[in-house]
Amino acid sequence: MNHFGKRLCVSTFGESHGAGIGCVIEGMPAGVPLHVKNIQAWLERRRPGKTPYATARKESDTVQVLSGVFEDLTTGTPIALFIPNENQKSSDYGAVKELFRPGHADLTYWKKYGLRDYRGGGRSSARETAARVAAAGVVEALLEALNIRVQSGICAIGEVLGETVDFEHAKASEIFALDPTCEEAQKATILAAKNSHDSVGGSALVRIVGAPAGLGEPLYDKLDARLAEAMMGINGVKAVEIGEGINAARLKGSQNNDLMSANGFLSNHAGGILGGISSGAPIELRVHFKPTPSIFHAQPTQDIHGNSVTCNLKGRHDPCIAVRGSVVAEAMAVLVVADMLLLNMGSTIEQVKKLYM
């Protein structure tokens, strides 16, 4: 499956070392402002090759809008975006043509399809996520029209955990650090892993502010389930927490319940979602990324013939995929919320009457 969403649907295509990557967005209402510069701003945040904390692969990620827009407004028809690949080095992957890289999808793709694109992982490469980020650059205007804001940043790199959350600081940070007091330690952790030819994991925080109460389709299309699914579909994500997350398992009900007054909620342990439906409080997710599996250590593995061999990788890889992955997590949150907004339009007869009477 290469598409997601129900009312707002996104299909992506392309491979890491193919001609390019792209997406088709369907279900976007007509009349929403669409400016290429806004899409490009999203891609710039995710773009590789900018800092020593990311892969050295240099891509301009220049987006082309092929359809679905007229005079800077969406037309209600499918919106097609294309991003050319400009800096492939497929020769770096010749040595892994017949072996399975540890920690990658090589083995599972081979077992499923009987073949695989070994050049950077092909379709399984995180390069594909640029298409999702571009889609968010289109869809964000829909949320802005309803005063909904999605933010993200890095809250942990390895064992260096931030304690404060400053989204404004994250915007200016090379690693999107949320806590300025531990940013340098987080950067040092990434560089230490990189210099030892290794990698390190990390965690991102995504916050959705202004989402109205009522988003979510119980029982089998809950908002938290859709958000978790979207985050787990990002390359390298191994866990997602909403609100208190795993800490809720250590609390008592008297500690975890969000009490209310006439002014609203007195806490937000639920992370803005109750019974799978948004409560109107800020929605908070923590998204946990594994260390980049592409490391420059000799590692035992097997080849496509079942022989024991040694994997010695070359190439250009992020020492910490969580950094640029945080932008992808934010993008996926934008797309899920937009889809849920459109799904919710017919939840009551009053809403239907407003549209047609």
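Predicted model: local features only at pLDDT ≥ 70, side-chain atom pairs only at ≥ 80, totals over all residues.

Reader: How many helices and strands does the chain have?

Author: The chain has nine helices and 18 strands. As for how its parts meet, 70% of the contacts with a separation of 6 or more are made by residues 24 or more positions apart.

Reader: What share of the residues counts as buried?

Author: A residue is called buried when its relative accessible area is under 20%, and 45% of the 357 residues of the chain fall in that class. The accessible surface comes to about 16,900 Å², and 54% of this area belongs to carbon and sulfur atoms.

Reader: Where does UniProt place the feature "binding site"?

Author: An unreviewed UniProt entry places this feature at Arg-46, a residue of helix 1, which covers residues 36-46. Because its relative accessibility is 3%, Arg-46 counts as buried. Leaving aside neighbours within four places in sequence, Arg-46 is in contact with several residues, among them Asp-61, Arg-127 and Arg-324. The unreviewed entry also lists, under "binding site", residues including Arg-123, Asn-235, Lys-290, Pro-293 and Arg-316. The residues of that list are spread over 194 residues of sequence, and they are spread in space as well, with up to 43.5 Å between C-alpha atoms.

Reader: In which loops do Pro-293 and Arg-316 lie?

Author: Pro-293 is in the loop between strand 16 (283-289) and strand 17 (299-302), and, not counting residues up to four places away in sequence, Pro-293 touches Pro-102, Gly-103 and His-104. Arg-316 is in the loop between strand 18 (308-311) and helix 8 (321-343), and Arg-316 counts as buried because its relative accessibility is 18%, where the limit is under 20%.

Reader: Is Glu-183 buried or exposed?

Author: Glu-183, which lies in helix 5 (residues 183-195), has a relative accessibility of 7% and therefore counts as buried. The side chains of Glu-183 and His-169 are joined by a polar contact of 2.7 Å. Apart from neighbours within four places in sequence, the residues in contact with Glu-183 are His-169, Ser-173, Glu-174, Ile-175 and Ala-177.

Definitions and conventions:
Residues numbered from 1 in each chain as written. Heavy atoms only, no water. UniProt positions renumbered as here; feature names shortened; annotations may be inferred. Helix = DSSP H or I, 4+ residues; strand = E, 2+ residues; numbered from the N terminus. Buried < 20%, exposed > 50% of the residue type's maximum accessible area, 1.4 Å probe, protein only. Contact = heavy atoms within 4.5 Å. Polar contact = N/O pair within 3.5 Å; in protein donor to acceptor, adjacent residues only side chain to side chain. Areas by Shrake-Rupley, 256 points an atom, 1.4 Å probe, with all protein chains shown as cover.
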